[in-house]
Amino acid sequence: MTNEELEVMVIFQPLKSSVQVETPQTLGWMPGFFEEVIGGWSGEPLERGKF
C-alpha cells in the first residue's frame, strides 16, 4: 500500500475482563462471616509474643 491515501478508524471498546473477582464466599467463607467476627474479641488485649 505505497503511495495511497488510507482512511484509519479507531474504535474504543471496553474489554471483557477475564479476571474473576474473588469474594469471601467464592473462597469458602460463610456469607456475613467477616461482618460478624471483625471487632468481636471481648477478652484481654492481644499481644504479639517476642521471637
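**Surface.** I began with the accessible surface: the protein exposes about 6,200 Å², and carbon and sulfur atoms supply 58% of that area. I keep in mind that this is a predicted model. Next I looked up how many of the 51 residues count as buried, and the share came to 0%.

**Overall shape.** I then asked myself how the radius of gyration of the protein sits beside that of a compact globule of 51 residues. The globule would be near 10 Å, but the protein has 27 Å. I also noted the spans of the C-alpha trace along its principal axes, which are about 80 × 35 × 15 Å.

**Secondary structure.** How many helices and strands does the protein have? I found 1 helix and 0 strands. Helix 1 covers residues 33-37, and I used it as my landmark for placing other residues.

**Aromatic rings.** I looked for ring pairs next and counted 3 aromatic pairs. For Trp29 and Phe34 I wrote down a distance of 5.0 Å between ring centres and an angle of 55° between the planes, so this pair is tilted. The angle falls between the cut-offs, since stacked needs under 30 degrees and edge-to-face over 60. I wanted to know which residues the ring pairs link into a cluster; they are Trp29, Phe33 and Phe34.

**A nonpolar patch.** Back on the surface, I found a nonpolar patch formed by Met1, Leu6, Val8, Val10 and Phe12. Together these residues have about 690 Å² of accessible area. With 77% relative accessibility, Met1 counts as exposed, because the cut-off for exposed is over 50%.

**Phe51.** My last stop was Phe51, which I located in the segment after helix 1. Phe51 is exposed, and I noted its relative accessible area as 89%. How far apart are the C-alpha atoms of Phe51 and Trp29? They are separated by 31 Å, with the two residues 22 apart along the chain.

**Page summary.** I leave this page with 1 helix in the protein, a ring cluster of Trp29, Phe33 and Phe34, a nonpolar surface patch that includes Met1, and an exposed Phe51.

How values were computed: Residues are numbered from 1 along each chain as its sequence is written. This is a predicted model: local features need pLDDT of at least 70, side-chain atom pairs count only at pLDDT 80 or more; totals for chains, interfaces and linings use all residues. Side-chain values use heavy atoms; hydrogens and water are left out. Rings of Phe, Tyr and Trp (its six-membered ring) pair if their centres lie within 6.5 Å; planes under 30 degrees apart count as stacked, over 60 as edge-to-face and the rest as tilted. Patches are made of residues with over 30% relative accessible area and no salt bridge: like charges are joined within 9 Å, nonpolar side chains (Val, Leu, Ile, Met, Phe, Trp, Tyr) within 5 Å. Accessible areas come from the Shrake-Rupley method with a 1.4 Å probe; for residues, only the protein chains shown count as cover. A salt bridge is a side-chain nitrogen of Lys or Arg within 4 Å of a carboxyl oxygen of Asp or Glu. Helices (H or I, at least four residues) and strands (E, at least two) are DSSP runs, numbered from the N terminus. Buried means under 20% relative accessible area, exposed over 50%, partly exposed in between (1.4 Å probe, protein chains only). The radius of gyration is taken over C-alpha atoms; the globule rule is 2.2 Å times the number of residues to the power 0.38.
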